[in-house]
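Hello! Here is the structure I promised to pass on to you. Have a look at it first, and then read my notes below.

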Amino acid sequence: MNTAVTNNSSNAPTVVDIRKLWTVFKNADGEQVVHRDLNMHIDRGEVLSLVGGSGTGKTVLLRQILGLEKPTQGVVEVLGQQPGELSASGAANVGMLFQHGALFSAFSVLENIAFPLRELKLLPDELIRHAALVKLQMVGLEPQHANKSPSDLSGGMIKRVALARALIMDPPLLLLDEPTAGLDPEASDSFCNLLRGLHRELGLTVVMVTHDLDTLFDLSTRIAVLADQKVIVSGTAREVIAYPHPFIHEYFLGGRGQRALEALHDKPATEQHAPRPEAAPR
Ligand SMILES: Nc1ncnc2c1ncn2[C@@H]1O[C@H](COP(=O)(O)OP(=O)(O)OP(=O)(O)O)[C@@H](O)[C@H]1O
């Protein structure tokens, strides 16, 4: 099997560096190796999407970058720090948008957004409230929604509130787990537009897991494919699709993939970024 392609032309600093990562779970049948000697690095400003079959360890990898789980072996670094060892201020390096928003149902919209900042216990209430209102506006919601309960919100609004909460500490790195899952096409387009605008305006680095090909092609500057317990290829959509692997063929060249690809063909090639090797750690 070929290994993946050309050089990284970017001189941007590395935000996420994963080296020789192993994830092994013990279960009733013995051991399950999810990641085997996996290497991946993500530079500042990238929107890197993780694609792979069910159970290939995409969510586990996000949780390891966030510091919720430790790998069995190997190194995960975010801005040069191990996520599990981040200080209170360092914890602000990563914001995470969970798949279903994961809002606290007993809290108002504003209390949900403010929660991570309030937990730090470093700022007065009025400043926290002001910061949360700024984030509410940043995700395109009017102040009149501030006191609503999550149960009064549409699916698209819940995602926006969850995004505002993920951004409350101004993290340079944002993790997105299925950001458009459960949204209708219109809400999904609108949320992608919001994410694209925030990525540009805030200079964010983004790592995303999505099964939605429209979202994948719409937002990604690079796609990394997880298969055979590692990243088998990373690059633009065109480069990844050209890589010979049964998963890629099935995933991108089935009917669903073909439809999403038609939309991609309308995009100028200049919107695509250079492919990257992930075979060896730096
Ligand atoms: N805490 C855990 N203990 C044991 N096994 C786990 C644990 N967390 C994840 N796994 C297993 O690791 C594998 C990878 O899980 P993960 O949720 O990362 O997959 P995924 O690529 O996100 O899949 P999907 O696309 O279906 O969401 C799965 O087989 C899962 O059952």
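**Around the ligand**

The shell around the ligand has three nonpolar, seven polar and one charged residues. Here Ala, Val, Leu, Ile, Met, Phe, Trp, Tyr, Cys and Pro count as nonpolar, Asp, Glu, Lys and Arg as charged, and the others, Gly among them, as polar. This is a predicted model, in which local features need pLDDT of at least 70, side-chain atom pairs count only at pLDDT 80 or more, and totals for chains, interfaces and linings use all residues. Residues are numbered from 1 along each chain as its sequence is written.

Among the residues around the ligand are Phe25, Gly52, Lys58 and Thr59 (near means a C-beta atom, placed from the backbone, within 6 Å). Helix H1 (58-66) gives the most to this shell, with three residues; strand E1 (14-27) supplies at least two. Helices (H or I, at least four residues) and strands (E, at least two) are DSSP runs, numbered from the N terminus.

**Leu97**

Leu97 lies in strand E5 (residues 94-97). Why does Leu97 count as buried? Because Leu97 has 23 C-beta neighbours inside 10 Å, and buried means 20 or more (exposed is 12 or fewer, partly exposed in between, with C-beta atoms placed from the backbone).

Enjoy exploring!
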